[in-house]
Amino acid sequence: MGPSKFIGSLIGSAIGDSLGAQREGTYGFREVTEPGPVYTDDTAMMIAVAESLIECNGFDGAHMARLFVRSFEREPWRGYGAGPPGIFKMIKSGRKWDENLDRELYDGGSFGNGSAMRVAPVGLFYYNDPEKLREVSCQSSRITHSHPLGMEGAALQACAVSLAIREEQNFLEKLKEFTRADIYRKKIDVLEKLLDKKEDRERVVRELGNGIEAFNSVPTAIFSFLAGSSFKEALIYAVSLGGDTDTIGAMTGAIAGAWWGVDGIPPEWKENLENRNYIEGLGMRMWETVMSSQKGLF
Ligand SMILES: [Mg+2]
């Protein structure tokens, strides 16, 4: 396997974020066809996840948490949600990454989509090892989102990226096998039934959601990927649904980019992407790291 799918997933995620950022938090059904000039916190954090996995040759929670803090301090204007900055402060003051710090801000922890939006690199790094993929998705989620449904959303999104890397033909079957929470399993059943009704956007949003909760956006991104017959079509569709569009765009883009590869992404969208060369380089380094750790297996 060449690096195209790894690069495509990271670039795709950043482009989906930039496209969705054009109408983040707005409702109603409206298509956006040109990504905006900047990406948001989704991509800033996704980059930190990728950097950490590469530098540590695997997951190191303390290291990843430090990169989140660094990234936020350099660019606090990226549109971070209400929770993470408070958690970054706690980490800076010496608190540990695995203390479920979000539970001090929200009872039971957060089930927002903030850990699923950045998890694509985990799906790439462990694309061949579903157990490890689940474990690292949940651990990387825990830094900011420790509610079981937040962690499960991240794991499901990473699983979708890994299935796309492998161009898994029984995509939904494999996702269902992987899923451990009822709410996600039910949504996967629903989305399967909606696949030939995608033009009924009102129904899609009613049944799958378009909000900031992981269970109201991860299945929507998976649906958008499956409903599109190209990267471009999937992404325009995802963002047309409204709601948390930058994150739904980022998640759809990570899956679609992994499936179609970097050459499947429209050149004019790539040209205008902020920090394109750096993100492409990260995808390449991630591919090299994964391939060298698998030496002898192929
Ligand atoms: Mg954002």
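Predicted model: local features only at pLDDT ≥ 70, side-chain atom pairs only at ≥ 80, totals over all residues.
A residue is called buried here if 20 or more other C-beta atoms lie within 10 Å of its own, and exposed if 12 or fewer do.

If we leave aside its neighbours within four places in sequence, Pro121 is in contact with Met46, Val49, Ala50, Leu53 and Met286. Ser162 lies 41 residues from Pro121 along the chain, and the C-alpha atoms of the two are separated by 9.6 Å.

Now compare Glu268, which belongs to helix H14, residues 267-271. Is Glu268 buried or exposed? Glu268 counts as exposed, because it has 9 C-beta neighbours inside 10 Å. In sequence Glu268 and Glu34 are 234 residues apart, while in space they are 8.9 Å apart, from C-alpha to C-alpha.

Turning to the protein as a whole, the secondary structure comes to 15 helices and zero strands. The radius of gyration is 17 Å, close to the 19 Å that the globule rule gives for 298 residues, so the protein is as compact as a globular protein of that length. Its C-alpha trace spans about 50 × 45 × 40 Å along the principal axes, and 52% of the 298 residues count as buried. If we take the contacts between residues at least 6 apart in sequence, 71% of them join residues at least 24 apart.

Which residues have the most contacts inside the largest nonpolar core? They are Val161 and Ile255, in a core of 91 residues. Helix H7, residues 148-165, supplies the largest share of this core, namely twelve residues. Ile255, not counting residues up to four places away in sequence, touches Ala160, Val161, Ala164, Ala221, Ile222 and Phe225.

Finally, a pair of helices: H9, residues 182-194, and H10, residues 201-208, pack with their axes 10 Å apart and at an angle of about 170°. Angles over 145 degrees count as roughly antiparallel, and H9 and H10 are therefore roughly antiparallel to each other. On the H9 side the contact involves Lys187, Val190, Leu191 and Leu194, which meet Val204, Glu207 and Leu208 in H10.

Note on methods
Residues numbered from 1 in each chain as written. Core = buried A, V, L, I, M, F, W, Y, C linked by C-beta atoms within 7 Å. Helix = DSSP H or I, 4+ residues; strand = E, 2+ residues; numbered from the N terminus. Contact = placed C-beta atoms within 7 Å. Rg over C-alpha atoms; globule rule 2.2 N^0.38 Å. Axes fitted to C-alpha atoms, helices over the stretch in contact; angles between N-to-C directions. Parallel < 35°, antiparallel > 145°, perpendicular 65-115°, else oblique.
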